[in-house]
Structure formats: C-alpha cells, structure tokens
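Visitor: I would like a close look at one part of this model. Please take me through its pockets, step by step.

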Amino acid sequence: GVLLREGEAALRLLSVMPRFFLEPERWGGEASLTGAEAHHCARVMRAVPGDRIEVFDGAGRGAEATVLSVSKSEIALRLEAERREKEPSVRTVLAIAAIKGKAMDWLIQKAVETGVDEIFPLLTERTIVRSDSVGWSRTALEACKQCGRCFLPPVNPMASFDDFLARGPVAGSRRIIASLAPGARPLREVLEAGPPPSEVVFLVGPEGDFGPSETADALEAGYLAADLGRTVLRSETAAIYCLAAARYAFA
C-alpha cells in the first residue's frame, strides 16, 4: 500500500496537473469542488490532501490550487497563483446544422480546441438529429479542461435556422456561409476583405448543404458566401477548416 501510494505521488509529479471546472461563485477563501467535478477528482483522479490541481471558472479566470480535504461530495481547496486568460481580439462563432451520431461530439471537442467562442446547433431543412444540448455542453467542458482554456464556449440549445438568422449581426461582425453555390469566393478572400472584424460568424450546413431557400435567406441577411476549396467536405470538417482559418488570420 505504501509503495503504491509513493508510486502514485511520483506519477503526479511527472504529469501535468489535472484541471477542473470551479463555478465562479465558489471562488474565494473557501473554494471547493462539488458534484461531478468533485467525484472525478476524488474517485477517478484519487486526489488526496496536499495534491496540486488547476481550476478555471469558464469566464477566463484560472488558478493553481492545493487540495485541503477530500470527501464523497466535496473537495476543499486553497487557491493560489490566480491568472486571467486574454480575451481573443476577434470572437469566432460557429452556427452549424446539428450532425448525427458521435460526429457532433467530435466537432464540439475540436471546435473548442481550435478556439471557438460560441456554438449554435441548428435545425435546418435537412437536419435529421435530435437535440442533446446537455451532453454537448458537457463535451465542451471536457474539451476545455483537456486543452487548457479558461474560457468555456457556450453550446446553445438547438434553434431553427430562421430563428438564428433573426438574431441579427453584432456591430463589426463578419458573417460567412460555407457554400457550394456558384459565385462563392475563396474563404481566404472573404476573411481578408476589409479591416479585422470584432467577430466572425460561420454558418455551416448539413450533409448536402443548405437548401436553396436557406442559402438565399442567409445571403439576403448579409452573409458572405465562401468556397472551402476543390473538394466537398463533411460538415464537421468544413467547420474546423473555417475555425482554423480564422484563428490563423486573426491570431
């Protein structure tokens, strides 16, 4: 038992500190993990008093922490070395027709890693998937913990295509629809047109693209049609392609 515990301690020293989500209201002199995060820390990571972990609040704040005590429902912490993550100069928003199966989970995970700031799953003419906003939000949280971000991108409840278009633009935003329609300009040209925006919104359709009326409505609403290259990309690939291009252009 002693040798096992010493071995576990050695592994902790050699590995990156595990990260946990700590709700903003729990920051302060008596910080503590509860719920699923406490269970993961105690039962999966087998934390003991004296262990060092990292915590973040999803709004850009992070800190190192020392575990003070461990129970079945709560992990008491002492917060140290608090820091603030710099907000991006250009926000990226992804509005995408919800994808069936595990592809949506994969997309959300990779979008968070790529730096997306907000995700809107959409119900379109050709969408054939049920909403799983709770599961998708949990996927975003786990991706945030893994990749080291302190900002947790919200995954909004699934909305209709028309309702999303009705939300209107943010001042200084550039809205782009990934499109197979004739006349779409290369994505690079669309991103580089004019001064850097405050926000880039990508509208990505389902398998088979948006319906003709949806594309027309988006263009009428002010979206710019962008061509993503010579090959036809899957929805999830198209979304990551767009996000990566924006991150490169406005990093």
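Predicted model: local features only at pLDDT ≥ 70, side-chain atom pairs only at ≥ 80, totals over all residues.

Guide: Start with the largest pocket. Its volume is about 560 Å³. A total of 28 residues line the largest pocket. Nearest its centre lie Pro206, Glu207, Gly208, Arg234 and Ser235. Two elements give two or more residues to this lining: strand 12 (224–227) and helix 8 (235–250). Helix 8 gives the most, with 3 residues. Now sort the lining of the largest pocket by type. There are 14 nonpolar, 7 polar and 7 charged residues.

Move on to the second largest pocket. It holds about 460 Å³ of space. Its lining has 21 residues. Closest to the centre of the second largest pocket are Pro88, Val90, Thr114, Gly115 and Arg247. Helix 3 (103–114) and helix 8 each supply at least two residues of this lining. The largest share, 4 residues, comes from helix 8.

How can empty space be found at all? Rolling a probe the size of a water molecule over the atoms shows where space is left.

Terms used:
Residues numbered from 1 in each chain as written. Heavy atoms only, no water. 1 Å grid on protein atoms, 1.4 Å probe; cavity = no way out; pocket = protein on both sides within 12 Å on 5 of 7 lines; lining within 4 Å. Points joined across faces, edges and corners; volume = space filled by probe spheres on them. Nonpolar A, V, L, I, M, F, W, Y, C, P; charged D, E, K, R; others polar.
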